[in-house]
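I opened the model to look up how its strands pair and what surrounds its ligand. My entries follow.

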Amino acid sequence: MIILSKLESVSTGFPIIDNVLDGGLGRGNVVLLCGNPGSGKTIFGATFIYNGIKNGENGLYINFNEVKSEFYLYMKRLGMDFKALEEKGSFKYINPLSITDLRDLTPFTDLLAKEITAFKPRRIVIDSITIILDLMDKSKIRAFISNFLMRLAKKLGITLLLIYDVPFNEPRIGHGIEEFIVDAVFYLKRIWFRDKYNYYLEIRKVRGKEIKVNKLFYRITSNGIVFSKPLSLNNNHHLSERGLTSGIDSLDKILNGGFKEGSLVGLIGPVASGKTLFALNLAVKNAMKNKKILLISLRESRDTILYKLKKIGGANSLMNIEIKTINPFTLPLSTVQCKLDEYYQREKPDILIIDGLETYLIAYGMEEFYSYVYQRVNYLKSLSKLVIVTMTLSSINQTVGIEQLGDYLIQLDIIEKDGELKRRLRIIKSLDPNKEAEKQFYLKIIKNGLVIESSS
Ligand SMILES: Nc1ncnc2c1ncn2[C@@H]1O[C@H](COP(=O)(O)OP(=O)(O)OP(=O)(O)O)[C@@H](O)[C@H]1O
Ligand SMILES: [Mg+2]
């Protein structure tokens, strides 16, 4: 018998979940992994086993639904080579006949016991447990999970993942008893929202652990399940006295040395008022000072952005600028969240620019937009020295959150002055308010960027 250390943590196979759970699950835990159709339950289970084997823990996958060749092929496409692991003797796959009657249960439990004795797995997945539990009433379910599966897991130090199918729109998990008995409950949700499926994991319960985050967005890619980083972790950020150039020298003076490091700048104004131009000009001027820029456009194509950037700074300035485009109208909210996170984390830029945030509002609605803006601001600030967000708004009264949360708010618009159309810039909010900053400024587009032409 294995002596269990109370503090020993075993990885779930997903670093972000381990992080949320302060190291992962407890050894000998029985986990119920619930999920909607196509939510990635099997991929999750496979990853749990695969990464366990990488850490020296033999894995057994029992799958009632898929034959071995199908599973191997499918997982290989996601980067997991189970055939190789089987050949090395660290993995075993069983595809038993479906259980249609409780009389079939004893042969199954005998098979399980035999495999455990012979193969000595440290991780087991049963995919899925639904058919078995559906044959039982509540007291039998309790006995089967508690007296058989949990005792087995704890006695032998096996971490056991039980997959449970939850139909779409079903409010309850299983028979209403399963969740109480097991050590941990994860729920992979695939939810229809605004004409698309959104994916998120709910961490519903983990015995003996503080759950710091309950909801994690994810997307399924050719590398498997990719979770977005939870917001409440590592959100410290510092505001500094140092400034970064706004891209316009005379504006930097008015701002007391540019935008302060650690701040967020909201750039608002109606269509064609010059928000993107201002942001691109800022990008180019900072890139020329060797700052690394990540520009995420939620609206324009990469080619359009490149064309505009080249006009401002020539090809040289592009070296330090990484351009990414995401179209909220074609992607579910959860994917957009995950992609945004992947980009910030991969690039770790000095300056992060998100252009066209209004598309997020239009695509997902006010509630999601508010939640995004409010939750993300400090997180974004913690990732870079400066965050610039542009948003098309016809009136300042419409600003939906950016005005409270931004450290600077710059409003651009097009007005008629002396019989000419002018681009006007006003500093609505600043970290260094002063008399000069209260003026209205008129912008001029010159060969390599933007300048302030006059003020009034
Ligand atoms: N290479 C891939 N790239 C992107 N998505 C993929 C890829 N392979 C599979 N998927 C997605 O993964 C999901 C299926 O994953 P999985 O089989 O783990 O789900 P499941 O919850 O086990 O499904 P079921 O309810 O059928 O058992 C599908 O939504 C599918 O679109
Ligand atoms: Mg499956």
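I take strands as DSSP runs of E of at least two residues and helices as runs of H or I of at least four, numbered from the N terminus; two strands pair if DSSP finds at least two bridges between them. Opposite isoleucine 124 I found leucine 160 of β7.

For the record, this is a predicted model, where local features need pLDDT of at least 70, side-chain atom pairs count only at pLDDT 80 or more, and totals for chains, interfaces and linings use all residues. Residues are numbered from 1 along each chain as its sequence is written, chains are lettered from A and ligands numbered from 1 in the order in which they are written.

I then traced the whole sheet: it is open, with 9 strands of mixed pairing in the order β5-β4-β6-β7-β3-β8-β9-β10-β11. β5 (91–94) and β11 (224–227) are the edges; each has a single partner strand, so one side of each lacks a neighbour in the sheet. From one strand to the next the twist averages 20°.

Which residues come nearest to ligand 1? I noted Gly38, Lys41, Thr42, Ile43 and Ile220, out of 14 residues around the ligand (near: C-beta atom, placed from the backbone, within 6 Å). α2 (41–54) and β10 (215–221) each supply at least two residues of that shell, and α2 gives the largest share, 3 residues. I sorted the shell into 4 nonpolar, 7 polar and 3 charged residues (nonpolar: Ala, Val, Leu, Ile, Met, Phe, Trp, Tyr, Cys and Pro; charged: Asp, Glu, Lys and Arg; polar: the others, Gly among them).

Methods:
Axes are lines fitted to C-alpha atoms, for helices over the stretch in contact, and angles run from 0 to 180 degrees between N-to-C directions.
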